Amino acid sequence: MASFVHTCDRCGTRMQVHERYFGRTLKCTGCRTEFVAEAREEDLAAPPPAAAAPRAPAREAGGPKWMLWLVLLLVPVIGFVLWLGRGGGPPETAFREQHAVGDVAALDTGTTRPVLVALDQESVAALVDMRTGAVQLGISGLMSNSESYLEVEAGTRARILAYANQDREAKVRLIEGPSADQEVWVPRRWLR
């Protein structure tokens, strides 16, 4: 709809008048002076300036610098994460599932061979230290000692009863298999 801006001759108030009021007598909103709504050349409303189309940002010849900074920051972070997960000592626990007392876990040494469990807390120390080489007995020597150790299938489920020696050893009750309901000791790292 066409319109014009009327400027009052008496008080200078500017008012926008739509074309449907052309030819009518109107009153100024500032001083209440009457005027006839007619479009004069100086009163015609100028159309709003056209908005300039947004310009695409100029690309640098060397590529985005933020990508370089991202790579420089990610390389050390990824290296640290890989270092934590490399195994051998406390950092290995950063990525391993931690079980609480009362949880059910599977006994697994990471191989398909049967899992050796200790019948008392003193005997499990040899299993815990075997990985570090502190024990001179081989696995076959431990397995032949039926008074202190028991062999169970890998993946046997057990309920965790307690942790000992800075959480290195766990007392568990076997839930399945021929030795079900027997309480034994295992290295914590064998709980999956």
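The paragraphs below lead through a surface patch and then the salt bridges of this predicted model.

Charged residues come next. Side chains of opposite charge can pair when their charged atoms come close. A search of the whole structure finds four salt bridges, including one between E176 and R157, whose closest N and O atoms are 3.6 Å apart. This pair links distant parts of the chain, with E176 in the loop between strand 9 (169–174) and strand 10 (183–187) and R157 in strand 8 (residues 156–164), 19 residues apart. E176 is partly exposed at 32% relative accessibility, and R157 is partly exposed too, with a relative accessible area of 42%.

Another salt bridge joins R188 to D167, the closest N and O atoms being 3.4 Å apart. Here R188 belongs to the segment after strand 10 and D167 to the loop between strand 8 and strand 9, so that distant parts of the chain, 21 residues apart, are linked. R188 is buried, with a relative accessible area of 14%, whereas D167 is partly exposed at 39%.

The side chains of K171 and E183 also meet in a salt bridge, at 3.3 Å from N to O. Because K171 lies in strand 9 and E183 in strand 10, the pair ties together parts that are 12 residues apart in sequence. Salt bridges that share partners join K171, R173 and E183 into one network.

Definitions and conventions
Residues numbered from 1 in each chain as written. Predicted model: local features only at pLDDT ≥ 70, side-chain atom pairs only at ≥ 80, totals over all residues. Heavy atoms only, no water. Helix = DSSP H or I, 4+ residues; strand = E, 2+ residues; numbered from the N terminus. Buried < 20%, exposed > 50% of the residue type's maximum accessible area, 1.4 Å probe, protein only.
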